[in-house]
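Here are my notes on the model you passed along. Have a look at the structure first, then go through the points in order.

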Amino acid sequence: MILKIALSIGLLLYSISIFLYLYRILKGPTTSDKVIALDSIGMNLVAIVALLSMFFDTNAYLDVILLIALLAFIGTVSFAKFIEKGKVIERERDN
Amino acid sequence: MSLLHVAILLPFFAALFIPLVYKWTKKIHTGWLVLPIPVLLFIYFCSFIPKTMHQSTTATMPWIPSFGINFTVVVDGLSLLFALLITGIGSLVVFYSIYYLGKKTERLNNFYAFLMIFMSAMLGVVLSDNLIVLYLFWEMTSISSFLLIGYWYHRERSRYGARKSMMITVFGGLMMLGGFILLHIMTDSFSVREIIASGPAITGNPLFVPAMIFILLGAFTKSAQVPFHVWLPDAMEAPTPVSAYLHSATMVKAGIYIVARFTPLFAVSEVWFWTIAIVGIITLLWGSINATKKNDLKAILAYSTISQLGLIMSLLGVGALSLHFGNEDFYAAAIVAAVFHLFNHATFKGSLFMMVGIVDHETGTRDIRRLGGLMRIMPITATIAFIGTFAMAGLPPFNGFLSKEMFFESMTDIVHMNLWNADTWGVLLPVIAWIASVFTFVYSMIIFFKTFTGKNKPYLLPKKPHEAPLGLLLPPSILAFLVVIIGIFPNLIAGPILEPAVKAIVPTLATTDSDFSIHVGFWHGITPALLMTIGVVIVGILLYKTNRYWKPWITTRVPKKWRIGRAYDASMFYLEQGSYRTTMWVMTGWLRTYLNYMLTAFIILIIGTMFVTDAFNFNLSAMTPVTAVDFVLAAVILVTLIGTVFSKSRITSIILLGAMGYTVSIFFIISRAPDLALTQLVIETISVVLYLLVFYHLPQFSNIEEKPKWFSIKTILSIGVGITVTLIALSAFDTTFYDSISQYYLDNAYKEAAGKNVVNVILVDFRGFDTLFETAVLAIASIGIYAMIKLRLTKRREKDENQ
């Protein structure tokens, strides 16, 4: 019972933080702010999924946690590259 | 397949070989090789005369027996009369065309092939007992007539005339098909005789009158009744043999045939009687007045044909009364008059058309203002014209006189009717008939006297006129000879040909033979009809003499407002313009317009259906309790959604879409769908990256400067679609009639398929087929992307053009 309450509180807090990140995405003066906010949302999602799998008492979502972490990284890197160079995939390295 | 079928289809099969024969026999005029066919057929049909006087001959050839469609042929009096006209005048026309059409200048293979197809089709129309077969041949007459009118296709007027006649007659043909199908629905039979036999049973059927009107529309368009007569004058662009054959003697009488054929069925209805009589009498008057104002001989003849067809039609209308009231003799006399005049008209009108063809051929013009004084130069032609025109005017001793007398008798007799106000308004019928006859007299005189008497004006004629060769003169001479012979000895054809025809139209007459045959022979004595004819002659002569005073008035004032041909042109023009404008208005080329159409239709259809079937159902008692997490996630999605719609830059929209996709994956998690969540996350990431890739090449939002409008059609539609889908989802939620089948999968995933992941077992085991083709979709998509990127043909071409 106590575990459930704790988990709920944790979920609520993470949710609030997602909202705050969302505010940053909508507002954030530069694109970089938005991308970092998105990356952080990803990390929050990792935490939420972890909490939820505890809540549901299952280990079926552990893959998801790993995947979100991976994808958040890939996404952030590609955004970063996009902001830096204007394109995500460069065709020829020599130029 | 009997000899009758062979007879009907013989010209058609001959048409297949005519082009070959034409190529092989360059030295002989193709017409000579075609001529035996109609002559043979004529002799063959003559052999039916003794048989048909007593009973009808039938023959059947199965075609589509499962639908009751068989090529059944019936030769009764009416069919035989038409068949004799078709083959007899057909022979003469073929003979005439041999001399009329040059061997070197004309494409004779086309001409005779079309003509033979027409002859086959026309024989099929009059001899078929099956409605569908009749309709088939009916359309074949329309098509072959179209081909023959447009024979000189390099002329604009020919093409116009062909198109016009096609439009109108095919319109009527389709209407008639509708009528036939209604008849079939009522009687469950396609056989004309069976339908007529079951006539009393279907009289009260609500489809009875529609079927009648549809069939009448077909008959009226084909027989050039007002207001569908407009195609006939334009059909005069056809070669003269065609005009003589199709547009005076045979095809335009197909409508008359239909009316006569169905008289036993429909005559019980007063709609039938009034429609035919009134349309016929109006056509009679309209055609005769219009004929007097034309200057082209063929145009005069065209309008005179219209007028005479109206005469026959009105007689059939009056004759229909004889069936309505059982066996009253003078209305049967109207049928006799109709059939008699039908025959007479074919003879004298055929000869007149051929006469006009000769005049055209020998002088180079058909304009009565340039012709004149040809009597001395072309005495034989003048004699033919004299007989033809005086028969048409209804003067003794020609056959037109007899049928016109009978016409007047029938029309005056109708005044004695005391039903449907025939005794008061019915007076109009003989009066109109008399006026029309006066005009008929006038134009007949115009044709003869303006062409053959008066001063000869050789300087106005393109050619030096001289008498025609014997070959051209022979066919009209035969017809003119018939006109005189039948005028003097009408009983030559009355007994053997007309009587069976009348009996076919009025089957009740078959019981009282003796009484009925007297009527045909009776033509002496001073009757009101004779006095009317004398009146016609006197007033007609006066009008003809004063022709030049009233003709300008009638040509300038009356027609301009009332020309129905203009209505046809205008309707064609506005139909085309209207459809063009509608297309331009509806088909904007903007995808968003089409999307608007689709979404509007979606909303209206679904909400409408739900309202009609009263499908709203908001019972949410079975809903799972909503937790705080659900609320929070929904709020996140809502925020990202609103942000996506209203954001000013594309990159923000893409990031927000990504955030939305990730949140959806959390929804999958709390709905306990780990596989979906995994896939959703990966796909979301990839599509965000792809969006980035794509949108990088696009201009910035600010370049477009499009602020979202709050109250545009898009806003309304999107809200409408949202509401619609929500309503469906809510209503569908509680409308579960059967249990889910998912328990089977849960029970058997491991037992049957050796897998604990039920989702994956379903994907690859239970329902692996779907997965296979989803894979195919992905393969196609990737190949498509590869092809689109690599294959840039247009871009290269554009580049070439730019350089």
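1. A word on classes before anything else: Ala, Val, Leu, Ile, Met, Phe, Trp, Tyr, Cys and Pro count as nonpolar, Asp, Glu, Lys and Arg as charged, and the others, Gly among them, as polar. With that in hand, the lining of the largest cavity has seven nonpolar, five polar and one charged residues.

2. Ground rules: this is a predicted model, where local features need pLDDT of at least 70 and side-chain atom pairs count only at pLDDT 80 or more, while totals for chains, interfaces and linings use all residues. Residues are numbered from 1 along each chain as its sequence is written, chains are lettered from A and ligands numbered from 1 in the order in which they are written, and side-chain values use heavy atoms, with hydrogens and water left out.

3. Back to that cavity. The largest cavity holds about 110 Å³, and the structure has six cavities of 30 Å³ or more. A cavity here is a set of points on a 1 Å grid over the protein atoms alone where a 1.4 Å probe fits but cannot get out, and lining residues have an atom within 4 Å of a point. The volume is the space filled by probe spheres set on the points, which are joined across faces, edges and corners.

4. Who lines the largest cavity? There are 13 lining residues, and L38(A), G75(A), T76(A), F79(A) and Y662(B) come closest to the centre. Both chains take part: α2 and α3 of chain A, plus α29 (650–670) and α30 (674–696) of chain B, supply at least two residues each. The top contributor is α3(A), with six. (Helices are DSSP runs of H or I, at least four residues, numbered from the N terminus.)

5. Now the A/B interface. Contact (heavy atoms within 4.5 Å) brings in 28 residues from chain A and 30 residues from chain B. The buried area, meaning the accessible area (1.4 Å probe) lost on putting the two parts together, summed over both, is about 2,900 Å², and carbon and sulfur atoms give 89% of it.

6. How many salt bridges cross the interface of chain A and chain B? Zero, by the rule that a side-chain nitrogen of Lys or Arg must sit within 4 Å of a carboxyl oxygen of Asp or Glu. On chain A's side, α1 (2–27), α2 (31–56) and α3 (62–85) each give two or more residues, with α2(A) giving the most, nine. That side divides into 22 nonpolar, four polar and two charged residues.

7. Over all chains the salt-bridge count is nine. One to check is R193(B) with D129(B), whose closest N and O atoms are 3.5 Å apart. R193(B) sits in α9 (residues 192–197) and D129(B) in the loop between α6 (108–127) and α7 (131–149) of chain B, 64 residues apart.

Notes
1 Å grid on protein atoms, 1.4 Å probe; cavity = no way out; pocket = protein on both sides within 12 Å on 5 of 7 lines; lining within 4 Å.
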